[in-house]
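Subject: Structure handover

Hi,

Here is the structure I promised to pass on. Please open it alongside these notes.

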Amino acid sequence: MKCLVVADLHYALKQLDWVQLAAEKLDLVVIAGDLLDLASMVDREAQTVVVLKYLERIARKAPLLVSSGNHDGTERNTADEAIARWLEEAREGGVLVDGDSWERDGTLFTIFPWWDGPVSREEVAQLLDKESKKTFKKWVWVYHAPPDNSRVSWTGKKHAGDTFLVDWIHQYKPALVLSGHIHQSPFRENGSWVDRVGETWVFNTGRQIGPEPAFIILDLEKNTAAWTSLAGREMIDLNDISAQPQEA
Ligand SMILES: [Zn+2]
């Protein structure tokens, strides 16, 4: 099973076109948050309409898993935390979104919402607890923010990841965590698109300008990952716990 992972498309419609085309040759597509862009000239309500159409089209080509990111929360919950309720509309088009899960060949993918405060963070904790009780060989998390204190959350000056996620990774030991959020991590010295936290492989696709997003292809049979961006192409063998990414 070959899985495409992108994140932080930020309303780059050319990149969404690219994903739609790429989906035809893949078994699964993951978009790990930040579909919308807070800094865009287009208001976010209008962005949601366009993005939902894209998601539906991509989902006709391949199973599609989409998590929310910090740019995607257009509404507020009772605790005044931003939430991406609009994304739930994508379910009508067959897209799996925040709170959903998808399983194939013993690999369980769980999609986590962006948490914006203690109430939405508790929802993440409850989802983790619920999903952990399922039966699976391998657990994969789609989770917009990368774990703190890892190469995939390095800004070039400091780590800016999710500290709660670090604890959850140690507690539940998922096989893989698919993230974005810190756009520059893979492009900075001492940063990367892949790292390990305990026994877990963690990823950050990075964000780039232009018509193609930076992307990761996971081969879940061979247990390899390849990252392609304007900076080149790298691969890693996930069977080897001490492996480092190699130029490909
Ligand atoms: Zn982003």
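Below are notes on a helix pair and on the aromatic rings. Bear in mind that this is a predicted model.

Helix packing

Start with helix 1 (residues 13–22) and helix 2 (residues 44–61). Their axes come within 9 Å and cross at roughly 15°. Angles under 35 degrees count as roughly parallel, so helix 1 is roughly parallel to helix 2. The crossing of the two helices is left-handed. Helix 1 brings Leu13, Leu16, Asp17, Val19 and Gln20 to the contact. From helix 2 come Val50, Val51, Tyr54, Arg57, Ile58 and Lys61. By type, the residues of this contact are seven nonpolar, one polar and three charged.

Aromatic rings

The count comes to 13 aromatic pairs.

Phe112 sits in the loop between strand 7 (107–111) and helix 3 (118–132). Tyr143 sits in the loop between strand 8 (138–142) and helix 4 (163–172). The pair links distant parts of the chain, 31 residues apart. Both Phe112 and Tyr143 are buried.

Trp139 and Tyr172: this pair is edge-to-face, at 5.9 Å centre to centre with 85° between the planes. Trp139 belongs to strand 8 and Tyr172 to helix 4, so the pair ties together parts 33 residues apart in sequence. Trp139 and Tyr172 are buried.

How do these rings group? Phe112, Tyr143, Trp139 and Tyr172 form one aromatic cluster together with Phe136 and Trp141.

Best wishes

Definitions and conventions:
Residues numbered from 1 in each chain as written. Predicted model: local features only at pLDDT ≥ 70, side-chain atom pairs only at ≥ 80, totals over all residues. Heavy atoms only, no water. Axes fitted to C-alpha atoms, helices over the stretch in contact; angles between N-to-C directions. Helix = DSSP H or I, 4+ residues; strand = E, 2+ residues; numbered from the N terminus. Parallel < 35°, antiparallel > 145°, perpendicular 65-115°, else oblique. Left-handed = near helix turned anticlockwise from the far one by under 90°. Contact = heavy atoms within 4.5 Å. Nonpolar A, V, L, I, M, F, W, Y, C, P; charged D, E, K, R; others polar. Phe/Tyr/Trp six-rings, centres within 6.5 Å; stacked < 30°, edge-to-face > 60°. Buried < 20%, exposed > 50% of the residue type's maximum accessible area, 1.4 Å probe, protein only.
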